[in-house]
Amino acid sequence: MITKEQKMRLWLGQSIDGTRVKNDFYETPPNATQLLLDNEKFDDTVWECSCGKGAISNVLIKNGYNVISDDLIDRGYGNGGLDFLKSTNKKAESLVTNPPYSLSVPFWEKCEELKIKKYAFLLRITWLEGIARSVLFKKYPLKKLYVFSKRIQQYKKGKMLNSPMLAFGWFVWEKEYKGKPYIDWI
């Protein structure tokens, strides 16, 4: 049985023993990406800059997109050894990823620097909080937030974790958008 302390660690994005998975590698459940694609359209070619083992890329491909799959770590899928944060050229006008949580703000800033036309990040809903992020939200307004009405199942090292402890959503930005964010539940 899981203890109260272990539940809190999971809620904070740690493992039960209090450690984080190396490089923040948490695989994205396929249904999470499909729910995004059921609600959003992207350009024909999509860049998955943190592809891991291809969880998001494979769903994009099944939905008819051409996908460029890169990752800093070579996990046997896509192009390994490519650091998105050091990218100097965008590889596509659209980008969909589950960024390493500890690097999510630098990934956001890199998308803006590269002038990615439309991009979506899978993030915790609590990512909306914070003084530093509030400044960036004013500078780069969020267009849409798709909140999962049923919490998505988390995977760690290829294994499904017991119960979903965290609320996630797809955060979607589009270049030149200046309005208020649209929020929907998927």
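Reply: Of the contacts (heavy atoms within 4.5 Å) between residues at least 6 apart in the chain's sequence, 63% join residues at least 24 apart. The model is a predicted one, in which local features need pLDDT of at least 70 and side-chain atom pairs count only at pLDDT 80 or more, while totals for chains, interfaces and linings use all residues. Residues are numbered from 1 along each chain as its sequence is written, and side-chain values use heavy atoms, leaving out hydrogens and water.

The chain contains 5 helices and 9 strands, taken as DSSP runs numbered from the N terminus (helices H or I, at least four residues; strands E, at least two). Of its 186 residues, 44% are buried, that is, under 20% relative accessible area with a 1.4 Å probe and protein chains only.

After α4 comes K115, with a positive phi near 60°.

How do α4 and α5 lie relative to each other? They pack at an angle of about 15°, with axes 12 Å apart; the axes are lines fitted to C-alpha atoms over the stretch in contact, and angles run from 0 to 180 degrees between N-to-C directions. The two helices are therefore roughly parallel, a term for angles under 35 degrees. Their crossing is left-handed, meaning that the near helix is turned anticlockwise from the far one by less than a right angle. At this contact, V105, W108 and E109 of α4 meet R133, L136 and F137 of α5.

W108 also belongs to the largest nonpolar core, which has 22 residues; such a core is a set of buried Ala, Val, Leu, Ile, Met, Phe, Trp, Tyr and Cys residues joined through side-chain atoms within 4.5 Å. Together with L95, F121 and W173, W108 touches the most other members. The elements giving two or more residues to this core are α4, α5, β4, β5 (144-147) and β8. Apart from it lies another core of 20 residues, including F42, I56, V59 and L122.

Technical notes. Buried means under 20% relative accessible area, exposed over 50%, partly exposed in between (1.4 Å probe, protein chains only). Angles under 35 degrees count as roughly parallel, over 145 as roughly antiparallel, 65 to 115 as roughly perpendicular and the rest as oblique.
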